[in-house]
Amino acid sequence: MRITDTSDLWWKNAVVYCLDVETYFDSNGDGIGDLAGLAQRIDYLAELGVTCLWLMPFYPTPDRDDGYDVMDLYGVDGRLGTLGDLVEVIRTAKDRGIRVIADLIVNHTSDQHPWFKKARASKDNPYRDYYVWRSDPPPDTSDEVVFPDKEDGIWEHDPKTDEWYLHRFYKHQPDLNVANPKVRDEIAKAMGFWMQMGLSGFRVDAVPFFLETTGIDRQQVEEMADPHEYLRALRSFLSRRNGDAIMLGEVNLPYRDQLRFFGGTDGDELDMMFDFVGMQAMYLSLARCDARPLAKALRGRPATAVESQWATFVRNHDELTLDKLSEKERQEVFAAFGPEERMQLFGRGLKRRLPPMLEGDPRRVRMVYSLLFSLPGTPVLYYGEEIGMGEDLDAEGRLAVRTPMQWTSETGGGFSTAPPRKLVSRVVEGAFGPEFVNVADQKRDPDSLWSFVATLIQRYRECPELGWGDLEILDQPHRQVLAHRCTWETASIVAVHNLGNDPVVVPLQLEDADDGWCLVDLLEEGRCELDAAGRTEITLDGYGHRWLRVQRPEDRRLP
């Protein structure tokens with residue numbers, strides 16, 4: 001193991017934790033989470049084992065899209081605090097060994113951004129070309145909208161100049177013209193500003209839309225050449241400002257298309273990308289109690305440059321999208337985990353968190369998080385996952401999973417001292433509310449989900465092969481069992497997961513095994529010997545899981 005590798009490319013075996021400042025902890029009792037409150041909770045994240053904190057948008061905003069409608073790329077929303085408060089969060093986190101990254105929203109701005117206000121003032125305004133306009137009526141683009149329940153096309157008429165502007169998302173979020181060199185410079189300046197504030201990189205929102213050139217003047221597009229050259233230029237700029245900074249991209253495309261956003265095997269564009277394909281295959285496997293869809297997806301991951309990395313996740317802040325599944329497969333997942341219409345979004349995803357989908361069964365919940373941390377890649381946790389929070393199905397759309405963090409069993413979940421009517425959003429009620437699911441109780445319980453997730457994080461950090469290694473799917477006669485192996489240099493881990501309710505005896509064979517090799521349990525006490533052919537059998541309970549370190553006679557280090 002080369003320590004220089006694992007430290008220089010820190011993101012390869014990081015543990016990323018995503019949170020929304022306004023729903024995390026309220027320090028002043030106004031009902032809105034704030035940066036001062038987050039600073040008070042950094043030690044909690046350090047105790048859990050988090051090594052990278054991802055902040056959802058904290059920029060000034062009209063708040064019509066939960067902060068993703070940005071009206072100033074250089075500020076902090078006054079509801080959340082000040083630039084000084086943000087720097088204190090970053091400083092406190094770095095003191096505890098936690099890097100901080102933030103959402104970079106550069107595909108679009110709010111229509112309240114000064115650039116757009118000037119752009120719509122007249123056709124000859126200097127900021128007009130910061131956005132994408134057309135003078136002729138657009139065709140029907142209803143099949144191109146991201147939010148079909150809210151928008152019926154991607155062009156919006158602006159009566160002042162009698163032209164239409166492009167918006168891939170909501171009409172109050174006009175798209176920036178990435179072919180304009182001035183826009184590209186503004187984006188680089190904003191990134192440079194936040195790097196100077198101490199950020200270690202960005203989660204880049206909606207990357208394919210950001211790079212697209214729909215509706216942009218042909219001459220500008222030709223002058224820009226390949227939009228991926230611009231992505232490479234941003235990566236290069238970032239590296240010059242901070243050699244270990246990263247860009248984690250949201251690129252929900254098939255694997256073959258995602259590879260290009262890594263920069264292919266050169267690895268000179270995005271450093272990390274979310275594995276949407278693997279995530280969706282995992283839910284199909286869970287719905288079927290059949291590991292084969294997930295195994296197929298993992299086998300289909302393309303090889304990448306050593307600097308590149310897949311980010312694995314169970315849940316994120318958006319809808320749980322199932323758009324890469326066939327219609328039949330999607331309906332299977334809906335039937336298993338979201339049978340009611342109010343649990344679904346746009347007919348393509350779910351607005352639920354994992355524990356309610358699994359009916360609160362602790363065996364299944366723990367098995368899924370064991371799977372997350374043992375899959376090859378970098379695990380990303382969404383706040384509240386470590387305690388098994390639920391969702392608010394009465395909240396609109398994606399806000400269902402953006403509820404206040406549940407710290408204690410008190411009214412308001414210890415998130416705020418404000419009365420419920422003043423909270424930024426409602427606290428989850430019922431079986432997954434703070435009376436039954438909260439940090440304070442679980443931290444005192446060694447058998448809690450919080451304690452289990454903290455153990456998974458510790459083991460993951462002790463096993464760099466999970467972030468760095470080559471993946472091998474081990475053959476299985478049981479369709480409900482996923483057995484995989486990650487190997488890096490001389491280190492190797494075997495993980496087995498039973499996606500079914502019935503106990504099963506799992507045969508394993510390691511083709512390269514030699515005399516004296518054995519498998520040592522990492523999550524509990526135990527070991528099993530391999531025979532001369534590298535074979536053994538292990539027993540898994542229903543929804544059982546085991547992590548097994550491959551140990552050779554000459555390898556006497558502690559597991």
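1. Arg 546 and Asp 521 meet through their side chains in a salt bridge, 2.6 Å from N to O. The two residues sit in distant parts of the chain, 25 residues apart: Arg 546 belongs to strand E22 (residues 545-551) and Asp 521 to strand E19 (residues 518-521). Both Arg 546 and Asp 521 are buried. The model is a predicted one.

2. The count of salt bridges comes to 48. One of them is formed by Lys 443 and Glu 47, whose closest N and O atoms are 2.6 Å apart. Lys 443 lies in helix H16 (residues 439-443) and Glu 47 in helix H3 (residues 42-48), so this pair ties together parts that are 396 residues apart in sequence. Lys 443 is partly exposed, at 34% relative accessibility, and Glu 47 is partly exposed at 46%.

3. Asp 95 pairs with Arg 91, with 2.5 Å between the closest N and O atoms. Both residues lie in helix H4, four residues apart, or about one turn of the helix. Arg 91 has a relative accessible area of 39% and is partly exposed.

4. Is Asp 69 buried or exposed? Asp 69 is buried, yet has no salt bridge; Arg 64, the nearest side chain of opposite charge, is 5.7 Å away. A polar atom of the Asp 69 side chain does lie 2.7 Å from the backbone nitrogen of Arg 64. Asp 69 is in the loop between strand E2 (52-55) and helix H4 (83-95). Beyond its neighbours within four places in sequence, its contacts include Pro 60, Ser 110, His 172 and Gln 173.

5. Asn 125 is in the loop between helix H5 (114-119) and strand E4. A polar atom of its side chain is 3.3 Å from the backbone oxygen of Lys 118. With residues up to four places away in sequence left out, Asn 125 touches Lys 118 and Ala 119.

6. Three strands form an open sheet in the order E4-E6-E5, paired antiparallel. Strands E4 (133-134) and E5 (155-158) are at the edges with a single partner strand each, so one side of each has no neighbour in the sheet. E5 and E6 (residues 163-166) are joined by four bridges, and Asp 158 stands opposite Glu 163 in E6.

7. In helix H10 (residues 255-262), the buried residues include Tyr 255 and Phe 262. The buried residues of H10 fall within an arc of 105° seen down the axis, so they line one face of the helix. Among the elements covering them are helix H9 (227-241) and strand E10 (309-313). Gly 263 follows H10 and has a positive phi, near 90°.

Notes:
Residues are numbered from 1 along each chain as its sequence is written. This is a predicted model: local features need pLDDT of at least 70, side-chain atom pairs count only at pLDDT 80 or more; totals for chains, interfaces and linings use all residues. Side-chain values use heavy atoms; hydrogens and water are left out. Two strands pair if DSSP finds at least two bridges between them. Buried means under 20% relative accessible area, exposed over 50%, partly exposed in between (1.4 Å probe, protein chains only). The arc is that of the directions from the helix axis to the C-beta atoms. Contact means heavy atoms within 4.5 Å. A polar contact is a pair of N or O atoms within 3.5 Å; within protein, one must be able to donate a hydrogen and the other to accept it, and residues adjacent in sequence count only if both atoms are side-chain atoms. Lys and Arg count as positive and Asp and Glu as negative; His and the chain ends are not counted. A salt bridge is a side-chain nitrogen of Lys or Arg within 4 Å of a carboxyl oxygen of Asp or Glu.
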